Amino acid sequence: MDMPKDPVILLSFTNTLLRDRYPSLEEFCKSCDIPMEKLSASLAAIGYHYQPGQNQFL
């Protein structure tokens, strides 16, 4: 799956998929073949961190 390059669009894209299709970040990353650490680092660079209880980046 091609991921958006812009971090703000990546945030929206990721949170939408987490909300609508995936029960966890781990499942999302496995399904999309994305390294979880890379995705988390990209979003942390703009101040967002994964919150497992809410299954989204805040």
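The legends below describe close-up views of a predicted model.

**View 1. Salt bridge between Arg 19 and Asp 20.** A search of the whole structure finds 2 salt bridges, and this view shows the one that joins the side chains of Arg 19 and Asp 20. The distance from N to O is 2.8 Å. Is Arg 19 buried or exposed? Arg 19 has a relative accessible area of 62%, so this residue counts as exposed.

**View 2. Salt bridge between Glu 26 and Lys 30.** Here Glu 26 forms a salt bridge with Lys 30. The closest N and O atoms of Glu 26 and Lys 30 are 3.4 Å apart, and a salt bridge requires such atoms to be within 4 Å. Where do Glu 26 and Lys 30 sit in the chain? Both belong to helix α2, which covers residues 25-32. Because Glu 26 and Lys 30 are 4 residues apart in this helix, about one helical turn separates them. Glu 26 is partly exposed, with a relative accessible area of 42%. Lys 30 has 56% relative accessibility and counts as exposed.

**View 3. A nonpolar patch on the surface.** Which residues form the nonpolar patch? The patch consists of Val 8, Ile 46 and Tyr 48. Together these residues have about 240 Å² of accessible area. Val 8 lies in helix α1, residues 7-20, and is exposed at 54% relative accessibility. Tyr 48 is in the loop between α3 and β1. The relative accessible area of Tyr 48 is 31%, so this residue is partly exposed.

**View 4. The loop between α3 and β1, with Tyr 48 and His 49.** This loop holds Tyr 48 and also His 49. Strand β1 covers residues 50-51. Tyr 48 and Leu 58 are 10 residues apart in sequence, and their C-alpha atoms are 5.0 Å apart in space. For His 49 and Phe 13, the separation is 36 residues in sequence and 15 Å from C-alpha to C-alpha. His 49 is partly exposed, with a relative accessible area of 43%.

**View 5. The largest pocket.** About 230 Å³ of space lies in the largest pocket. Its lining includes Met 1, Met 3, Pro 4, Lys 5 and Leu 10. Cys 32, Ile 34, Pro 35, Lys 38, Leu 39 and Ser 42 are also among the lining residues. How many of the lining residues are nonpolar, polar and charged? The lining divides into 8 nonpolar residues, 1 polar residue and 2 charged residues. Helix α3, residues 36-44, gives the largest share of the lining, with 3 residues.

**View 6. Pro 35 at the largest pocket.** Pro 35 is one of the residues that line the largest pocket. The position of Pro 35 is in the loop between α2 and α3. Pro 35 has a relative accessible area of 44% and is partly exposed. In sequence, Pro 35 and Leu 17 are 18 residues apart; in space, the distance between their C-alpha atoms is 16 Å.

**View 7. Asp 33, a residue with a positive phi.** Most residues other than glycine have a negative phi. Asp 33 is not a glycine, yet its phi is positive, at about 55°. Asp 33 lies in the loop between α2 and α3, the loop that also holds Pro 35. Is Asp 33 buried or exposed? With a relative accessible area of 70%, Asp 33 is exposed.

**View 8. Asn 55, a residue with a positive phi.** The phi of Asn 55 is positive, at about 50°, although this residue is not a glycine. Asn 55 is located in the loop between β1 and β2, and strand β2 covers residues 56-57. The relative accessible area of Asn 55 is 13%. Buried means under 20% relative accessible area, so Asn 55 is buried.

Note on methods. Residues numbered from 1 in each chain as written. Predicted model: local features only at pLDDT ≥ 70, side-chain atom pairs only at ≥ 80, totals over all residues. Heavy atoms only, no water. Buried < 20%, exposed > 50% of the residue type's maximum accessible area, 1.4 Å probe, protein only. Helix = DSSP H or I, 4+ residues; strand = E, 2+ residues; numbered from the N terminus. Patch = residues over 30% accessible without salt bridge, like charges linked within 9 Å, V, L, I, M, F, W, Y side chains within 5 Å. Areas by Shrake-Rupley, 256 points an atom, 1.4 Å probe, with all protein chains shown as cover. 1 Å grid on protein atoms, 1.4 Å probe; cavity = no way out; pocket = protein on both sides within 12 Å on 5 of 7 lines; lining within 4 Å. Points joined across faces, edges and corners; volume = space filled by probe spheres on them. Nonpolar A, V, L, I, M, F, W, Y, C, P; charged D, E, K, R; others polar.
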